[in-house]
Amino acid sequence: MRKYAIIDIETTGGKASRERITEIAVALHDGEKILDVFETLINPECSIPYYITQITSITDDMVQNAPKFYEVAKKIVEMTEGAIFVAHNVRFDYSFVQEEFRRLGFTYTRKQLCTVRMSREAFPGLKSYALGNLIKHFNLQVKDRHRALADTLATAQIFEMILARESNRVRSEQMINLGIKESQLPANLNLEKLHGLPEKCGVYYLHNANGEVVYIGKSINIKKRVFEHFADKTEKAAKLQQLVDDVSYEITGSELAALLLESYEIKRVKPSVNKAQRATHFPYCVYAYKDDDGYIRFQAVKNVTAIRKKHEILAEFEKLQEAKGYLKFLVRRFELCEKKMDASVESGACFPFHLKQCNGACTGVESAESYNERASQAIEKIKTFFDENFLVIEEGKDKTEKAVILVTDGYYRGFGFIDSEEELSIDDIKRAIKNYPANGETNKIIRQYIAQPSPRTKIVKI
């Protein structure tokens, strides 16, 4: 018998990572009727904002002697064990319950079903599918709106109305399995195994029958992303459905660590289905050389084997325009000559020389020795992707640890995990780092990531 745990919560605000639960109600349901009910106020261990009290009528005094979440956690686990987590806007309620368990050091995972989404399909044409509007539309008798039990019982009534039609029961099963039919899965994979994947950030590996990795991916929710692969109707999804026999994964917690690990693993393993990141180098590069007059010149060209054998590659780029744009930046930054960049063959002075913006390397006015001092500084700048040494600190695999990404001497060096409570020196942290090779891609990943870090990302200069 399929069981459903219909749940509603009241909270101190809208963001699970910052706010807390103040009330929870669970109605255990068999698809036709309610089997059991549990409700309780929760002491959130913080003050309830006035505007929330205005909505829910729950005050600080009401929750002062209520149990804390850890005191009811076992009951919630028992009531929802083996059941589908059902809620009106399930992402909201599920994220709060998950976060409360995460704070206790536990992983809470349940299959989910959203009655907002189900209502849209079952009752098309309504102006709004908010719970209050559905209650009004169907003339449901509900007391104490915006209290957990009342809203849970209202959701249960709507849920029963939806499941009253057989077609909606079939559709609910599809939603529970994120759009996958068992027949879409490879022979040795089943839905239960996929539902057992973690809803955490990390890197996942899809293996064929011989155990070989055919695809590597990264996601902030491994379970959801793997489901999407098998629900898609794309050519790649069809190939995976034919090839994949098993799934493995490595949890990182940190999204940046996952991006870096994915990049490294794709280049190391070279999975057959991955295409976007299979190249071991970027298609364009910059190198330096001395011309016949002894001046250091720079060249942006295709990153081919012949060039790599003859010259030291200073930097790699995705597009030729990016490489040339960087050379223009070096001209301005180090007061270099445009004609000594990118193998200009024109004779005579460059245009900036007439504007007194070039020291005259193009005409021989500035000696090679003088010019090369600045050109050498430009070479070091190209080779150095970052101007400072720093650590990027993010959430780790669980509550007890932090992920740490290290950048020194201009390059990404690797990442590791440290105890979130222990005070460690920089040297201690460095010893926890597992070394990984840097390349144009990994440095670009870090640069883009720290340009718009998440609120939980901490950057420490060292």
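Let me start at Leu153, which is found in helix H7, residues 148–163. Helices here are DSSP runs of H or I with at least four residues, strands are DSSP runs of E with at least two, and both are numbered from the N terminus. This is a predicted model, in which local features need pLDDT of at least 70, side-chain atom pairs count only at pLDDT 80 or more, and totals for chains, interfaces and linings use all residues. Residues are numbered from 1 along each chain as its sequence is written, and side-chain values use heavy atoms, with hydrogens and water left out.

Back to Leu153. Its relative accessibility is 33%, so Leu153 counts as partly exposed. On that scale, buried means under 20% relative accessible area, exposed means over 50%, and partly exposed is in between, with a 1.4 Å probe and protein chains only. Together with Ile34 and Val37, Leu153 makes a nonpolar surface patch of about 200 Å². A patch takes residues with over 30% relative accessible area and no salt bridge; nonpolar side chains (Val, Leu, Ile, Met, Phe, Trp, Tyr) are joined within 5 Å, and like charges within 9 Å. The areas come from the Shrake-Rupley method with a 1.4 Å probe, and for residues only the protein chains shown count as cover.

Next, helix packing. Two packed helices are described by the angle between their axes and the distance between the axes. Axes are lines fitted to C-alpha atoms, for helices over the stretch in contact, and angles run from 0 to 180 degrees between N-to-C directions.

The axes of helix H12, residues 255–269, and helix H18, residues 440–451, come within 10 Å and cross at roughly 165°. H12 and H18 are therefore roughly antiparallel to each other. The classes are these: under 35 degrees is roughly parallel, over 145 roughly antiparallel, 65 to 115 roughly perpendicular, and the rest oblique. H12 passes H18 in a right-handed crossing. Right-handed means that the near helix is turned clockwise from the far one by less than a right angle, and left-handed means anticlockwise.

The other pair is helix H14, residues 320–334, and helix H16, residues 368–383. Their axes come within 10 Å and cross at roughly 135°, so H14 and H16 are oblique to each other. The crossing of H14 and H16 is right-handed.

From Glu255, Lys267 is 12 residues away in sequence and 19 Å away in space, C-alpha to C-alpha.

Now the charges. How many salt bridges does the structure hold? There are 25 salt bridges, each a side-chain nitrogen of Lys or Arg within 4 Å of a carboxyl oxygen of Asp or Glu.

One of them joins Lys444 and Glu318, with the closest N and O atoms 2.3 Å apart. This pair links distant parts of the chain: Lys444 is in H18 and Glu318 is in the loop between strand E11 (313–317) and H14, 126 residues apart. Lys444 is partly exposed at 24% relative accessibility, and Glu318 is partly exposed at 41%.

Lys33 and Asp30 also form a salt bridge, 2.8 Å from N to O. Are these two buried or exposed? Lys33 is partly exposed, with a relative accessible area of 45%, whereas Asp30 counts as buried at 15%.

A further salt bridge is between Glu366 and Arg374, whose closest N and O atoms are 2.7 Å apart. Both Glu366 and Arg374 are buried.

There is also a network of salt bridges that links Arg20, Glu45, Glu100 and Arg103.

Most residues other than glycine have a negative phi. Glu45 has a positive phi of about 60° although it is not a glycine. Glu45 lies in the loop between strand E3 (34–41) and helix H1 (50–56), and is partly exposed at 48% relative accessibility. Ser57 has a positive phi too, of about 70°, and is not a glycine. The loop that holds Ser57 is between H1 and helix H2 (60–63), and Ser57 is partly exposed at 41% relative accessibility.

Last, another serine. Ser219 lies in strand E7, residues 213–219, and is buried, with a relative accessible area of 9%. Between the C-alpha atoms of Ser219 and Ser367 there are 54 Å, and the two are 148 residues apart along the chain.
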